Amino acid sequence: MTKVDRVVIIGVAGDSGCGKSTFLQRIIDLFGESFVTVICLDDYHSLDRYQRKEQKVTALDPRANNFDLMYEQIKALKSGQTIEKPIYNHETGLIDPPEKIEPNHVVVIEGLHPLYDERVRGLIDFSVYLDITDDVKIAWKIQRDMAERGHSYDDVLAAIESRRPDFEAYIEPQRGHADVVIQVLPTKLIDDKESKLLRVRLMQREGVSDFDPVYLFDEGSTIHWRPCGRKLTCEYPGIKMFYGPDTYYGHPVSVLELDGQLGNLEQVSYIESHLSNISTKHKGEMTSLLLQHREYPGSNNGTGLFQVMVGLKMRATYERLTSKEAKVAAKV
Ligand SMILES: Nc1ncnc2c1ncn2[C@@H]1O[C@H](COP(=O)(O)OP(=O)(O)OP(=O)(O)O)[C@@H](O)[C@H]1O
Ligand SMILES: O=C(CO)[C@H](O)[C@H](O)COP(=O)(O)O
């Protein structure tokens, strides 16, 4: 077992089918596999599939989840203790015998409710909410659930509809607690009925310790930028970027937006060179991270770019927290 002086807890919230797997893979690529442990919060379902059906509650309902145990176990991990985490088995719908989880440098807690319980929220060092609008969620889910899971179009729509009331009551409000929200919306550049072209907004909360929001050109200004031209080749309808201040769930945020598709990934370095506070270790690092896995879904639009950017901010938060604590330890 590796000795870990400081366990940094990262929360990734989002509905099922919102692209968490790709985002988590990007985080693992950045930190290295042995450095990160991912805990899926579905493992804290207190009611199995049959009990939920019997009691007419969904998995999104807090009554189907054990927040006391979630809090106790994340707290224990954060203080360097090994835990016996339950396992929710998605194949059988039952709760399996627990598994041992050891503390690691970075522990990501991902799923429906990382920011729901105030006590769990208090343990998280950096949090992200993946906010995929319905049109896009339907398009993604249809692509996956029809191709890979044998569901029909109507099944997919019915599943989204049946989750909606609990989703709006218990999942969506967590956006107000996240340090960063990645919002995925249909494009405004053209009328795109299939939601293939995306407008992606990064809502970055201001005033969060150990987190400096990324900005375009000039911090605090409002910028509209069409980067397509000599240095960035774009196909119709091109790319539009926006940066500016806003208020979100009653608190100030900096918004960074990218609408459209990145045609030539190598040229993303042109966009990168106009962004500040991206927490890269060398010039062009963000572009090379994107290029490293150009096959991941969303690499050619704002979803991939902002996932990489948020990964870099997580690394910066990790480094600040660990170096602060090392300095405190050195003084004692
Ligand atoms: N940025 C993206 N652009 C286009 N499609 C995407 C993007 N991210 C994910 N998808 C597609 O959406 C579907 C769901 O993604 P994924 O499996 O990563 O979601 P998830 O949140 O991990 O879901 P679950 O929790 O149910 O396992 C996949 O088919 C994937 O290819
Ligand atoms: O939202 C989910 C995962 O985030 C699932 O719907 C939930 O975990 C219940 O799983 P299953 O449908 O396999 O019983």
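Author: Buried area is the accessible area, taken with a 1.4 Å probe, that two parts lose on being put together, summed over both. This is a predicted model, in which local features need pLDDT of at least 70 and side-chain atom pairs count only at pLDDT 80 or more, while totals for chains, interfaces and linings use all residues. Residues are numbered from 1 along each chain as its sequence is written, and side-chain values use heavy atoms, with hydrogens and water left out.

The domain assignment of the protein chain gives domain 1 (1-128) and domain 2 (179-331), with bounds that come from an automatic or database domain assignment. Between domain 1 and domain 2 about 2000 Å² is buried, and carbon and sulfur atoms give 68% of that area. Of the area that domain 1 buries against domain 2, Arg26, Leu30 and Phe126 supply 38%, more than any other three residues.

In terms of contact (heavy atoms within 4.5 Å), 19 residues of domain 1 meet 25 residues of domain 2. Counting salt bridges (a side-chain nitrogen of Lys or Arg within 4 Å of a carboxyl oxygen of Asp or Glu) gives zero between domain 1 and domain 2.

Helices (H or I, at least four residues) and strands (E, at least two) are DSSP runs, numbered from the N terminus. On the side of domain 1 that touches domain 2, strand E1 (8-13), helix H1 (20-31) and strand E6 (126-132) each supply at least two residues, and the largest share, eight residues, comes from H1.

Methods
Chains lettered and ligands numbered in written order.
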